[in-house]
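Subject: Structure handover and notes

Dear colleague,

Please find below the structure I promised to pass on. My notes on what was found in it follow directly after.

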Amino acid sequence: SATLDPNIFQEYFRDIDSDISVVRIPGRTYPVKDRMRTWDLVEDVRACLKKKENIIIFVPGKKEILSITSILRKHIEDEVEIHGLHAEMTKWEQEVLLKNTTGKPRIIIATNVAEESITIDYATTVIDLGKHKVISYDDHGFPILELQDISDANRKQRRGRVGRTHPWNAIWASDTPIEELDPYPDAPIEKEMLDRYILICLSDGIDIWKERDTLEAEWKNMFFHDFDERLFQISMKKLDQIGAISRWKITDYGKNLLRFPVDIEHAAMLLEAIEQDCIDPIIHAISILGEKWFLSKEWKWKELKIEKTHEGDI
């Protein structure tokens, strides 16, 4: 993995072997010319186009793809193709962009979907705005999107998206100096709500609070990744409020929530739907909520027709 911190593996398995080797395999065979700062995106793009270069611009999300596309179409007079690239596109739509069949200069404005899974061979310049959107949770456990700096490992991964077959240029277009970036990204599992995992532990007879009092400082060391104490407390509060736990024990309602392989909130919706005899429309609603891409304007989700068998809000 290009964005994995090998030191945490060395530390975690140090009790087994104090001499765990790390082998680094470089994936680039061509040189790169770096520029550490850009002051005008339009001018940078114009300069690249004068050299007949094809460009990848990394942006935080789909909203930024649309806004930068609009800006470039307004200010770039050259005959150039501008395409967006994001996770809501189909695999076929993404793969079409892997080859430039027209020969015209091309600008691809991409989210981090292009950072992880594809290499665009014909591109010769990467412009990185240095930001991405990360899901976090407010104090009530509701997910929110936050704009954050990428890590240095992510920067290097983006920087190398075009460098497998020829030399290329990389432009760091963020106000955050590279030396101030975190070395590696946080593991996704460290950012998850813990409500379901807490219920699983309790249902298996693991007394979380007894273990915690006994182990004290060693509590977090039980896990490979440290959990977020704040998310632990929010998860506990939510489980208590919905009746999934009582006096630090799992309830029958909590056990029933675990019968559904969905988020705890969606499982609660299903149980209530069974009680209210409206399970069919709720299943459709949860299916839509569980697949975020389904709500995209680019998808024809509004054409979905569900037979209406009774009056309701769904």
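Which residues does I57 touch, not counting residues up to four places away in sequence? They are L41, V45, L72, I107, I108, I109, A110 and I127, where touching, like contact below, means heavy atoms within 4.5 Å.

Before going further, please note that this is a predicted model, in which local features need pLDDT of at least 70 and side-chain atom pairs count only at pLDDT 80 or more, while totals for chains, interfaces and linings use all residues. Residues are numbered from 1 along each chain as its sequence is written, and side-chain values use heavy atoms, with hydrogens and water left out.

**Cores**

I57 is one of the residues that touch the most other members of the largest nonpolar core, which has 19 residues; V45, I55, L72, I107 and I109 are the others named with I57. A nonpolar core here is a set of buried Ala, Val, Leu, Ile, Met, Phe, Trp, Tyr and Cys residues joined through side-chain atoms within 4.5 Å, and buried means under 20% relative accessible area, exposed over 50%, and partly exposed in between (1.4 Å probe, protein chains only). The elements giving two or more residues to this core are α2 (41–50), β2 (55–58), α3 (62–75) and β4 (106–110), with helices (H or I, at least four residues) and strands (E, at least two) taken as DSSP runs numbered from the N terminus. Its largest share, four residues, comes from α2. A second, separate core of 18 residues includes I198, W209, L257 and A267. In soluble globular proteins, nonpolar side chains tend to be buried together.

**The sheet and its helices**

Six strands make up an open sheet in the order β1-β8-β5-β2-β4-β3, with parallel pairing; two strands pair if DSSP finds at least two bridges between them. β1 (32–35) and β3 stand at the edges with a single partner strand each, so one side of each has no neighbour in the sheet. From one strand to the next, the twist averages 15°, the axes being lines fitted to C-alpha atoms (for helices over the stretch in contact) and the angles running from 0 to 180 degrees between N-to-C directions. The parallel pairing of β1 and β8 runs over four bridges, and V32 has W168 in β8 as its bridge partner.

Helix α2 packs on this sheet, where it touches β1, β2, β4, β5 and β8, and its direction makes about 160° with that of β2. Helix α6 also packs on the sheet, touching β1, β2, β5 and β8, and its direction makes about 150° with that of β5. Six of the eight residues of α6 (152–159) are buried, so this helix is largely enclosed by the rest of the structure. The buried residues are D152, A153, N154, R155, Q157 and R158, and what covers them includes β2, α5 (113–116), β5 (125–128), β6 (131–137) and β8 (168–172).

**Salt bridges**

The structure holds 17 salt bridges, each defined as a side-chain nitrogen of Lys or Arg within 4 Å of a carboxyl oxygen of Asp or Glu. In one of them, E115 pairs with R158, the closest N and O atoms being 3.0 Å apart; this pair links distant parts of the chain, with E115 in helix α5 and R158 in helix α6, 43 residues apart. Both ends are buried, E115 at 3% relative accessibility and R158 at 0%.

A salt bridge also joins D149 and K131 (2.5 Å, N to O), and since D149 lies in strand β7 and K131 in strand β6, the pair ties together parts that are 18 residues apart in sequence. Here D149 is partly exposed at 31% relative accessibility, as is K131 at 25%. Salt bridges with shared partners join E115, D128 and R158 into one network.

**Two individual residues**

Q94, in helix α4 (91–96), is buried, with a relative accessible area of 13%. Leaving aside neighbours within four places in sequence, Q94 is in contact with L85, H86, A87, M89 and V113.

H140, by contrast, is exposed at 58% relative accessible area, and its place is in the loop between β6 and β7 (143–149). H140 and K238 are 98 residues apart in sequence and 7.7 Å apart in space, C-alpha to C-alpha.

With best regards
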